[in-house]
Amino acid sequence: MITEKNNVFYLETQNTEYIFAVHPNGTLQNEYWGARIGVCGGFPGKPSGDRGSNDPVEDFYTEEYSAWGGARFKECALKVSFADGNRDLKLHFASFSLNGETLDVVLKDDFYALWVTLHYTVFPQNDVIRRSVTVKNETENSVTVERIASAVLHLPGKRPFHIHNVSGAWSGEQQPFSETLQSGSMIFESRKGSTAHGNSPYFIAEQGCTEFSGDAYFAALEYSGNFKVCASRGADHRTQVLLGINDFDFAYILDPHAALDAPPVFFGFTEQGFSGVSNTVNRFALDHIFPKAFAEKPLPVLYNSWEALEFSVNIENQTALVQNAADMGIELFVMDDGWFGARKNDRAGLGDWFVNREKFPDGLTPLIDCVNRAGMDFGLWVEPEMVNPDSDLYRAHPDWVYHFPNRENRLLRSQLVLNLTLDEVQDYLYDCLSALLRENNIRYIKWDMNRAYSEAGAPNLGDNQKAMWYLHNRALFALLERLRTEFPAVSFEACASGGGRIDYGALHAFDMYWPSDNTEAVDRIRIQNGYSRMYPTKAMRAWVTDIGWNALRVPLDFRFACAMRGALSVGGNIGKWSKEELDTAAQYIALYKSVRDVIQFGDFYRIADLDTDEGLNAVQYVSRDKTRSVAILLTPFTQFHLQKERLLSLRGLDDHKTYRFTWNGETLERTGAFLNHVPLAFETKRTFDSRIVVLEAVEQSS
Ligand code: DGJ
């Protein structure tokens, strides 16, 4: 619900509230963010005067959207240059319009016809608010936007916050960390063109919450390109966080009467600690972000032969895997890299999206028919944004890649980045990909992207070249949108050398992410754990492969239990698996199918942590109606003195329901109240111990 009273705006969700107000001097300032307090008086708070000649009052404001101008020295959301050389922007409240759960607040520069509209939408049931910004140039000259954050958020009070993000790298994505921000700024960002593997475009802020209790504030940017999250604490000892397009090497020339939309940010507050954050974003993603076509459908169990065959795919070796895949219950059979152009390794072929006739003499149809006859859908890998210099495409159009004059392009993985801001590049990609989808019964695309952008020059953009980071991203998602509209039965997975494209911008066009090329089950525990903080379970593909942990053979049970914590998939060389291994796989896949609605759509709890729970890692999923639950326990290492001493507390069950489940080989019935409070005892007799516990509510006879 949104209420306006005397120029004070109250944005209420079921449990939270966000308040800002127009101050007597016309500035718009945040007044409150936290638990719901209703539409009360007391706002706006009184702005005080300058603290001295070095600390102007502006730096003590909590501006809802700050522009660089006047005596403002803290990080600002918007910075522009006018055509006459003026770089000073003075925004004041102009008007607002309120329509149900959406609110637009308009600010205007004091002199120039530059309008800034702040858009807000409240999602009461989700305890989430989304905001975005449009800047409109109504002057007769162009205006250069040098920075445009999507949101400024002010954390309450003056005590320092612990700010959380992830610090990752290829094969080690999503490793969580936090720092206490005492003074200065903390920046999480990408300058690589995509979100990349390092930081993630979000923050969580708290002052001592635990996994299950305590106040936590969070926000995520719904954008998939260069981003910047900047948390700062200055002389006022207040913490503010800006989220938006990275201003590094960025400028956007706004022509007269043109507008620029900054991507949305969604944000929220919870009193339930980190699990409250995870469940709020998990539910919000399911309800409002996932592409609609597949949002309510569970993801199928897929098989991908990349780790088994790498680039050497052909009609014989792919067909040879089909029956084993079908027998174990695979629903989607995916062929990865290597099927097109002159692709034998990563040095050639990218850009030539035509079937390699040496490998597939009769095209893809025979393989797809074979897969379909075995009862599975067929999926295909592509990497459309890239080109190898050794390709027909590059030979014909060397000027279709980003480049700077008088510079050699730096190759990474022997490839270059296509200039998607060129219409002809977009049309070429659309023509190739739509022909592939039209001519073949393809139901899934794994959309890869394997390098950071460098030499990011786009001569076609003239003076507006620094906008290429933003325009590339916009063109990419327009292309995806075009394909999704024409082929609504096709689902898309976002892959970027593993988890380089995990963000909420991508989740508008992709149905799932590939979180890491590291498919080793023990390493995956930490990657999945970090991922689960802010990203939805359903979107997380997880493969069972043959890779061992530090050369140790990890039991298949452990690998399956680990991969069942997301969208279960298989990526091992199933042509070489023994009969026993294939049977084991079939059992786990059948079990997964029987509980995947709980895993993919349920609430999620991290109930035991490797570091704090004696080497035990356990997660639990609970259906929204609380009638079903699944707990998955992994103990990669055990110590002799701990083996008989393990305890596990469950979470999130309905106190008043009774649940049936198997524990230590025995079928038990316990109330939710018991299970939520009394730890269950168990033993781990060996390294790589794994358990999957399914709990079902028992019908009560009244
Ligand atoms: C990187 C991806 O992350 C892998 O899964 C695989 O698709 C390779 N690219 C193929 O080149």
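## A buried cysteine

Cys432 counts as buried, at 6% relative accessibility (buried is under 20% relative accessible area, exposed over 50%, partly exposed in between, with a 1.4 Å probe and protein chains only). Its closest cysteine sulfur, in Cys495, is 20 Å away, too far for a bond. Cys40, for its part, is partly exposed, with a relative accessible area of 26%.

A word on ground rules: this is a predicted model, where local features need pLDDT of at least 70 and side-chain atom pairs pLDDT 80 or more, while totals for chains, interfaces and linings use all residues. Residues are numbered from 1 along each chain as its sequence is written, and side-chain values use heavy atoms, with hydrogens and water left out.

## The overall fold

The chain runs through 12 helices and 37 strands (DSSP runs numbered from the N terminus: H or I of at least four residues for helices, E of at least two for strands). Its radius of gyration is 27 Å, which agrees with the value near 27 Å for a compact globule of 702 residues; that radius is taken over C-alpha atoms, and the globule rule is 2.2 Å times the number of residues to the power 0.38. Along the principal axes, the C-alpha atoms fill a box of roughly 75 × 70 × 45 Å.

Of the 702 residues, 59% count as buried. Take the contacts between residues at least 6 apart in sequence: 68% of them join residues at least 24 apart, where contact means heavy atoms within 4.5 Å.

## Surface and charge

Most residues other than glycine have a negative phi, and most peptide bonds are trans. The bond from Phe43 to Pro44 is cis, with omega near 0°, and Pro44 sits in the loop between β4 (28-35) and β5 (78-81).

Two residues have positive phi without being glycine. His237 has phi near 60°, lies between β16 (227-233) and β17 (239-245) in a loop, and is partly exposed at 42% relative accessible area. Glu455, with phi of about 40°, belongs to the loop between β25 (444-447) and α8 (468-486) and is buried at 19%.

Note on methods: A disulfide is a pair of cysteine sulfur atoms within 2.5 Å.
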